[in-house]
Amino acid sequence: MADSVKLRGWKFDNPNTYGEVWVDGTHIATFDDATNGLTLNTNGLAITAGGITITAGAMTVSASGVATTGASTLAKVTYSDRLIHANAITSAMTGTATLDEEDCGKIMTSAVDSQVVTLPATVIGLNYTIMNVTDGLKMTIQPNTADQIYMPDILTDSDNGIVNTAATSKDGDLIKLVADGSVGWYVTELHGIWAAESG
Amino acid sequence: MANSPRLKGFKWNANDSILEVWVHGTKVAGFDDATNDLHIYENGLTITAGGLTITAGTVTLGEGLTVTGASTFADGVTYSGQLSHTSPNSSTITTDTDLDTNDAGKLILCATDSVTITLPSTAPRLTYTIVATGTAGSAVLYIDPAAADLIRGCDLDGGDGKKLTNTGATHVVGDYVKLIGDSGVGWYIQEMAGTWTVEA
């Protein structure tokens, strides 16, 4: 017998061993005997008091993420892709870019393959944040002729750049540099796989 | 007929078209025919095994999220307001204040309107992080370099002695700026969020 279009209440689905909740002919929730899980079939969960407490198992969100309007406290956070303030000052580079003093403090982004970012001559305090925002694109950071870049476990030769290689680059790969005013640039933060340019 | 104070089980609320779950006279949950949402009315939702998996829709929380375990965000994190450790080395400023070299590395927090934070003369690699935490849409914060110093970056290029201002009308709690001293000209912006202007 077909379910009534007006079915309201509890129904046991014997073949599947589900306890089902129906509202006006719509099957909106399932208690699964096999997994003991609760599945909401048609819409979401609205909690108007008390919040959610999870004492075992993680909360996994595979669709649109988490949005909060209050302050959050997170014990430890690991992220891939980008960590960015909603009101950060960003600037999209669309080809070879030569940075200047007024680019300090911005997040310089690129979604262009073979992006070359040319740094000015080192001056104490000059600093840049450069981010690749698309998977699989090559980006090269090129210092001035006389300058070097100190990056983790690598010191480039003068005039040699560092490369975020296309084969391994990811959206959110990032480099932060600060100038020493003498030898060149120190990397202060690095995400992703970068290598010194050869030659 | 009034609901029994001992009502237990499902009850169809014809007025609101909600299939309600009652426990000992308390309405604890409802399945809404209009939205198909499950509403939890009392005491929240406690999950003691298996966690919570959401495969469609955003999780929207009217309050904050408190997590005691480690969290992994696979597709990046965008935040507004402040991003800070629960135990930052910070100082809260409530009146006009001159910073000194011992303030480097702190979070300088200011929630008071129209406060001026005065920077010392620039020195190489001297660094300050200043966060505006005053009332959104109204609190104004000024950062005043020494007379011979200027502030540059984020398309701003102030003249010597010109203030950097987090303007009230556009102020959002958590707007911030990080500054680093140079070799004698002034300050470079390292990071910035929010709307800031330099004095003309």
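Predicted model: local features only at pLDDT ≥ 70, side-chain atom pairs only at ≥ 80, totals over all residues.
In chain A, Gln148(A) stands opposite Gly184(A) in strand S21(A). Strands here are DSSP runs of E of at least two residues, numbered from the N terminus. Strand S17, residues 148-151 of chain A, and strand S21, residues 184-191 of chain A, pair in the parallel sense over 3 bridges. Two strands are said to pair if DSSP finds at least two bridges between them.

Residues are numbered from 1 along each chain as its sequence is written, and chains are lettered from A and ligands numbered from 1 in the order in which they are written.

Let me turn to the sheet in chain A. An open sheet of 7 strands there runs in the order S11-S13-S15-S20-S21-S17-S18, with mixed pairing. Its edge strands are S11 (90-93) and S18 (154-155) of chain A, each of which pairs on one side only. In general, strands of a sheet pair through backbone hydrogen bonds, either parallel or antiparallel.

I now move to chain B. Strand S10 (residues 90-93) runs parallel to strand S12 (residues 107-110), and 4 bridges join them. Ser90(B) has Leu107(B) as its bridge partner in S12(B). S12(B) is also joined by 4 bridges to strand S14 (residues 127-132) of chain B, again in parallel. There, Cys110(B) has Ala132(B) in S14(B) as its bridge partner.

Finally, the domains. Chain B is assigned domain 1 (1-48) and domain 2 (90-198), with bounds that come from an automatic or database domain assignment. The C-alpha centres of these two domains of chain B lie 53 Å apart.
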